[in-house]
Every structure is written in structure tokens, then in C-alpha cells.
Amino acid sequence: MTTTNNLIASSLKKIIIITASVIAVLLIGIFIYLKVRKSEDFEPLIKAKLQQVIKEASDSLYILNLDKIEIDVVGSKIKVHNAELLIDSTRLNQLLAEGTAPVDVYKISLSDLHIDGFNIADLLDKKNINLNALNIKNPTVEIYHPVNKRDTIFKDTATLYSRIQKSLGHFSLQDLSISNMNFIYHNIAEEKEKLTTFSNVSMRFNNIEIDSTTQFDTSRFLYAKQANIYIPGYTFRTPDSMYFLKADTLILHAAQKSIDATGLALQPRYSKQDFGKHLKFYKDRYDIKFKTASFNNIDWYNLFLGEGFTAKHAEFNNGSMEVYADKNIPPSPKSKIGNFPHQLLARLDMPVDIDTILIKNFEFTYRELNIKTQQTGAVTWTDISGQLTNVTNVPEKIAADKIVKVAAQSKLFNAGSFSAVFQFDMTKTKDGDFTLDINLGPMDGTVINPASKTLGLFEVNSLAIKKLNAHIIANSYKARSSVLFVYDDLNITALKKQEESKKLKKKKLVSFFANTFVINKSNTMNDARPEYVTYQRDPQRSFFSLIWKSLLKGITNTAS
């Protein structure tokens with residue numbers, strides 16, 4: 001019995017060993033087969049499936065070309081080399097003829113694409129694909145806008161999921177990384193094509209889900225729960241070719257709904273001396289810089305649908321702005337009516353709604369080359385902190401609150417405390433209605449000489465400014481102002497330019513008569529009364545010219 005049991009045990013042992021050996025051989029064989037024969041057997045099927053998805057998702061507009069696909073079934077990995085997404089020109093022409101072509105078309109190429117966590121059965125037999133990681137290297141994305149130039153353009157509201165659901169039920173990707181991407185935007189709206197380029201862009205997306213439950217999920221950014229996009233060295237030339245809009249870095253944080261920028265600037269293409277040579281008529285030259293800027297609580301969904309820019313909060317830090325005016329350039333005969341800040345906001349092509357914009361540690365300089373003196377004078381505001389609220393052109397928002405408010409505090413000529421509060425009425429943009437309140441504290445008036453000598457042809461010998469308060473009610477055509485100017489010990493010297501030396505010379509006799517018979521030496525607190533003045537706007541003059549002329553009229557009426 002024992003012998004029989006031993007024989008049975010021995011036989012079972014052999015069967016188990018043989019069976020295990022056979023299974024092991026089979027597994028090894030399968031493994032070797034899949035490792036060796038992987039691309040030969042699966043590559044055509046993978047290509048066909050991918051090309052089918054692209055064709056159905058694009059209504060046959062795009063063609064997918066793939067150079068080589070390496071498939072590691074055991075390791076659940078795929079490598080794609082030299083892929084291209086091209087436009088089917090025949091199909092595009094058909095869609096254009098039907099009036100259903102998209103406004104923009106795309107071309108995409110990449111050198112390498114690596115997929116991890118890939119299941120062959122998911123791709124070939126099922127409608128679900130679940131991936132661990134996807135790495136894309138050296139892609140180039142080109143957008144052509146607008147291909148469809150008809151007055152009436154078909155608006156495609158179909159989601160990505162609705163386009164691919166015939167071939168794909170659910171798609172998930174845990175991690176997507178894109179490195180060294182080049183982006184080229186071809187603007188072919190005009191006869192001469194304009195290019196916008198981004199280079200060396202990096203992207204990282206996490207927890208991507210594309211299915212019926214996420215196609216309208218506004219909490220996701222391009223179907224991802226987390227996304228970060230890094231753009232170095234952005235430069236954009238403005239349509240008039242007079243400026244570059246620059247940023248050292250742009251970083252988009254999708255989960256935080258924010259954008260951070262460093263080295264933000266609007267930079268003139270030409271120097272002060274050469275800027276006017278490229279103009280037919282006079283325009284101010286702007287030079288604006290910010291060390292950092294940020295936007296928070298951005299509505300990505302509306303932004304990517306092209307339905308507007310909405311943010312809760314924006315902040316600009318450590319900046320400067322210089323406005324340079326070369327008065328040797330002839331003024332334009334064209335009226336500037338309709339170009340106040342809130343009128344420009346109302347005319348924007350896209351809805352804008354920002355609750356609050358903060359400006360911190362800012363400097364502003366107005367610099368002018370005077371046509372009479374041929375010298376430059378400047379007015380400066382330093383230590384500026386400002387807040388803009390309810391910056392919107394959205395009708396529903398305006399119905400709830402019609403005022404765009406701009407409030408700022410600063411130092412005038414780095415001396416007197418200066419504050420200004422603008423209130424722009426967005427329900428009256430046709431006529432440009434706004435109000436302005438200005439307050440200037442005690443200041444030594446002689447600090448204005450760098451501006452007054454070259455721009456006003458007078459020098460302040462002594463002036464103790466006690467305060468300057470102004471309330472201005474204005475529109476596109478005139479301003480009504482109340483100006484209270486309190487001062488002491490006013491004494492000036494009138495100047496004129498010497499033709500030979502181009503230097504400024506004192507007009508002693510005129511100065512004597514002005515100080516003795518024309519100018520009020522003092523306007524004390526007890527005697528001070530506001531001046532009520534009306535100023536009719538020159539339609540060829542700017543928004544700030546209207547403010548300055550109104551203020552100056554009240555000051556000169558007080559002092560004379």
C-alpha cells in the first residue's frame with residue numbers, strides 16, 4: 001500500500017513537474033514571441049485603429065501618418081516615431097463649399113511618443129482605453145486662422161467626446177508630459193500672413209478623463225484635473241508693428257485657475273528719436289514693464305470656447321510706465337471722440353469680466369518733447385498703488401453695477417501725496433460719461449520746475465502748495481470742474497527760448513509785471529474758494545488732455 005502510495009505520489013509529482021514545465025515553456029515562448037514579433041503582428045492593427053479614430057473625430061478632415069510603432073505587449077508600452085497629423089485638402093475644400101468648414105485648421109508633427117500602461121485588448125477589442133503615462137517629445141503644432149473666411153461661419157458646438165464616441169467609449173490617462181513643443185499661429189486673415197510663435201513650451205497634465213460624464217465638466221482643464229503649462233520667452237508683435245508684447249515666462253496652473261507671468265512688457269520697437277519717423281501722425285509712445293503679474297480664478301471653459309475672459313482677481317507688481325510725446329509730429333486730423341478707456345472696453349470683441357485688479361509699487365512718467373523749446377520735460381508719479389474694480393463689458397454685470405472704478409495713491413514728483421479716483425459709467429459709453437476726484441497734499445512747488453521750464457516756459461521761484469482738490473464731471477465733449485487750490489508765496493519767472501543757443505532765457509520785465517500785478521501771491525485756507533470751470537474738449541486731443549486742461553484752467557483762474 002505504501003509502495004502504491006509512493007508510486008502515485010511519484011507519478012503526481014512528475015505530472016505536476018511536467019505540467020509546470022510545459023506551462024513555463026509556453027509562457028516563455030509567448031513572452032519571446034511577443035518581444036520578438038511584437039511590431040510585426042500588432043503594428044498594422046494599431047495604426048489602423050488610430051487612423052480610424054482620427055478620421056471619425058475630424059469628419060475626415062485630417063490624415064494621420066505614422067513612421068514606426070514599437071509595441072511591447074508584455075511591458076504594456078508603445079513607442080511611436082515620426083507622427084504627422086495632416087490636412088486632407090480635398091475634404092477641406094468640400095467643407096468650405098458646404099459652409100461647414102472650421103474657422104481654424106491644424107498641422108501637428110512629433111518625433112517621439114511614448115505610452116505606458118497600454119492594453120492591446122483595450123485598443124483592438126473594446127471601446128475603453130486606460131493609460132498610465134504618455135510622453136511626447138519635440139512636437140510642432142501649427143494653426144491656420146481663419147481658413148473659413150465667410151461672413152457667416154458654421155459654429156461647431158460638438159465636444160471631443162461626441163466626435164470619438166463611435167470608436168471610443170472611455171479614455172483615461174494618468175500622466176501626460178509634453179516637452180520642447182513649438183507652436184506656430186498663422187494669421188491669414190489679411191493678404192499678408194502674420195505669424196505668432198511659441199518655442200520650447202512644456203506641459204504636464206494629470207488625471208485626464210474623456211467620456212460622457214466629463215465632456216461638459218467645467219472643473220476640468222481640457223479634460224484634465226491638474227495641468228501646468230510653461231512658456232518661456234514669449235514675444236508678440238502688435239498689429240501696427242510699433243510694439244512687442246513680451247513675457248520672460250508664462251506659467252498656467254489649471255487646478256488653481258491661475259496664470260503667472262514674469263518680465264511682462266509692452267516694448268516699443270523704436271527709440272524715442274526714431275519712433276516718430278514711422279508715424280504719419282502723432283501718437284504717444286508707450287513703454288510699460290512689470291516684474292510679475294498674475295490672474296486668479298480664471299474661467300477656462302469660457303476662455304477656450306472663445307466666449308470671453310473672466311477672472312476674479314489680477315495683480316501687477318513692481319512696474320513702470322513711460323508715455324513719451326514728440327510734439328514735432330503733426331497731429332492727426334481724425335477725431336479722438338470715442339476713445340476713452342471705458343469706451344474701448346465696451347468695444348472689445350470678447351466679453352471681459354474681472355472683479356479686481358491690483359497694481360503695486362508702480363511708477364508713471366509723462367515725458368514730452370516741446371515744439372517751442374525743443375527740450376524735454378517730465379511729470380512723474382512714484383510709489384503708485386492702485387485698484388480697479390468691476391472691470392467688465394458684460395451686460396448682465398453692468399446691469400448689477402454700472403461703474404468701473406479706478407482708485408490710485410502715489411507721490412507727485414516724489415514729493416506730494418496724490419490720489420485720484422475715476423468712475424466710468426458703462427451704461428453711458430456712447431457719450432463717454434465719467435467722473436474724477438483728485439487730491440494733492442502739501443508740497444514744495446519748486447519741484448515741478450523740470451516740467452514747467454521746458455513745457456510751460458516758466459520757473460517757480462517759490463510756492464508752498466497747501467492742497468489741491470478737484471472734482472471733474474466729464475464726457476466725450478466737455479468737462480465741468482470744481483477746483484480748490486490753496487497755496488502761499490507764489491513767485492515765478494517767465495522764460496523764452498534763445499534762437500541762437502537754444503537755451504532758455506529769463507523774461508525779467510514780464511516776470512516783474514506778472515508777480516506784481518497779475519498773480520495772487522497767496523490763497524490761504526480762510527480765503528480759498530473753489531473755482532467752477534467748464535472746458536470744451538478739442539476732439540483731436542486725448543482723454544488725459546481733457547483732464548489736464550480742465551485742472552489747469554481752475555488753477556490759473558485761482559492764481560490770477
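**Salt bridges, a cavity and a patch**

Tutor: Start with Lys-312, which is partly exposed at a relative accessible area of 48%. Buried means under 20% relative accessible area, exposed over 50%, and partly exposed in between (1.4 Å probe, protein chains only). This is a predicted model: local features need pLDDT of at least 70, side-chain atom pairs count only at pLDDT 80 or more, and totals for chains, interfaces and linings use all residues. Residues are numbered from 1 along each chain as its sequence is written, and side-chain values use heavy atoms, with hydrogens and water left out.

Student: With which residue does Lys-312 meet in a salt bridge?

Tutor: A salt bridge is a side-chain nitrogen of Lys or Arg within 4 Å of a carboxyl oxygen of Asp or Glu. The partner of Lys-312 is Asp-355, at 2.8 Å, N to O. Asp-355 lies in strand 13 (residues 352-369) and Lys-312 in strand 12, so the pair ties together parts 43 residues apart in sequence. Helices (H or I, at least four residues) and strands (E, at least two) are DSSP runs, numbered from the N terminus. Asp-355 is partly exposed, at 26%.

Student: How many salt bridges does the structure hold?

Tutor: The structure holds 14. One of them joins Asp-425 and Lys-402, with the closest N and O atoms 3.6 Å apart. Asp-425 sits in strand 16 (residues 416-425), and Lys-402 in the loop between helix 8 (395-400) and strand 15 (403-412). The two are 23 residues apart.

Student: Is Asp-425 buried or exposed?

Tutor: Asp-425 counts as buried, at 9% relative accessibility. Lys-402 is partly exposed, at 38%. Salt bridges can also be read as a group: Lys-272, Glu-322 and Arg-367 are linked in a network.

Student: Which residues line the largest cavity?

Tutor: First, the idea. Rolling a probe the size of a water molecule over the atoms shows where empty space is left. On a 1 Å grid over the protein atoms alone, a cavity is a set of points where a 1.4 Å probe fits but cannot get out; lining residues have an atom within 4 Å of a point. Here the lining is Lys-272, Phe-275, Gly-276, Lys-283, Arg-285, Tyr-324, Asp-326 and Ile-329. Helix 5 (272-275) and strand 12 (309-326) each supply at least two of the lining residues.

Student: How much space lies in the largest cavity?

Tutor: About 30 Å³. A volume is the space filled by probe spheres set on the points, which are joined across faces, edges and corners.

Definitions and conventions
1 Å grid on protein atoms, 1.4 Å probe; cavity = no way out; pocket = protein on both sides within 12 Å on 5 of 7 lines; lining within 4 Å.
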